[in-house]
Amino acid sequence: MRLPYCFYHLIGDYSDFNAELPSCYSWHVWRPSLRAPWFRAKSNLRTKLRFAFRTAVHVLGLFATQECGAICVVQEGSLVHYSGFTPRYWRFRFIVGEDMQIGDTWTDPSHRGKGIAFFALQQILRIERSPGRSFWYVVGESNLPSIRVVKKAGFSLVAKGRWVRPLGIKLFGSYMMEEERGVEQLESVAGAAQPSLSQAVTIPPDP
Ligand SMILES: CC(C)(COP(=O)(O)OP(=O)(O)OC[C@H]1O[C@@H](n2cnc3c(N)ncnc32)[C@H](O)[C@@H]1OP(=O)(O)O)[C@@H](O)C(=O)NCCC(=O)NCCS
């Protein structure tokens with residue numbers, strides 16, 4: 001069976017926060033609430049709905065803890081990047097205890113390659129770190145820019161898996177780990193499945 005998702009994990013020391021945001025951007029931490037169901041900056045309806053989804057899950061008490069939000073990067077009033085973080089919920093059933101996942105990461109195409117996603121990822125690790133907590137990041141095996149970012153931040157590939165949709169309903173979907181192996185073995189499986197840089201494709205994030 002093809003296992004198109006890579007499960008990256010970061011345990012232990014992640015205190016090397018060296019990323020810098022170019023000075024033309026500002027960044028903010030968004031936390032879901034009924035007063036701010038999405039981040040207030042210029043963005044399209046689809047983006048607002050992604051934030052509103054998180055707010056709904058939060059308000060309904062479906063996250064394992066209250067610690068949920070997103071790092072948002074703005075330029076001239078427009079949202080140019082967001083990186084979400086959540087505790088365990090049905091989409092990430094494999095998460096235990098206080099651990100968190102970082103996902104639903106997006107940079108506006110005209111702002112890519114400037115280190116914004118890496119900066120946001122480091123800010124989440126800095127803000128949300130707590131003793132004993134580890135972080136997860138699930139990414140499609142062909143998403144080379146995203147894999148580059150998570151590896152640069154020190155995450156390791158620990159498993160492969162797939163996206164399962166009970167009754168075919170996307171809303172109920174969750175990421176399932178199917179294979180846990182030694183890191184070296186996984187890296188070679190992921191490497192073999194990835195296209196070369198010139199063939200690389202970017203897949204959209206799953207909600
Ligand atoms: C993944 C994504 C968020 C990265 O955003 P970004 O702000 O451009 O990320 P950064 O600039 O911090 O880093 C991108 C890294 O990938 C590298 N990169 C870009 N294209 C690449 C490719 N085809 N193959 C390998 N690396 C690539 C860049 O060189 C950079 O690495 P470097 O800093 O060492 O040079 C952005 O590409 C995106 O929004 N993609 C669509 C949505 C998505 O896939 N989200 C992730 C879901 S898990």
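Where is the place of glutamine 122? Glutamine 122 sits in helix H2. Helices here are DSSP runs of H or I with at least four residues, strands are runs of E with at least two, and both are numbered from the N terminus.

This is a predicted model: local features need pLDDT of at least 70, side-chain atom pairs count only at pLDDT 80 or more, and totals for chains, interfaces and linings use all residues. Residues are numbered from 1 along each chain as its sequence is written.

Start with helix H2, residues 116-128. Its 13 residues should span 18 Å at 1.5 Å a residue. The expected span is 1.5 Å times one less than the number of residues. The end C-alpha atoms are 18 Å apart, which agrees.

Now look at glutamine 122 again. It is buried, because 24 other C-beta atoms lie within 10 Å. The cut-offs are these: buried means 20 or more such atoms within 10 Å, exposed means 12 or fewer, and partly exposed lies in between, with C-beta atoms placed from the backbone. Other buried residues of H2 include Ile116, Phe119 and Leu125.

What does glutamine 122 touch, not counting residues up to four places away in sequence? It touches Phe17, Ala19 and Ala153. Contact means that C-beta atoms, placed from the backbone, lie within 7 Å. Alanine 19 is 103 residues away along the chain, yet the two C-alpha atoms are separated by 7.0 Å.

Turn to the strands. S1 (residues 5-10) runs antiparallel to S6 (residues 135-140), joined by six bridges. Strands pair if DSSP finds at least two bridges between them. Tyrosine 8 stands opposite tyrosine 137 in S6. Five bridges also join S1 to S7 (residues 156-164), again antiparallel.

Conventions:
Two residues are in contact if their C-beta atoms, placed from the backbone, lie within 7 Å.
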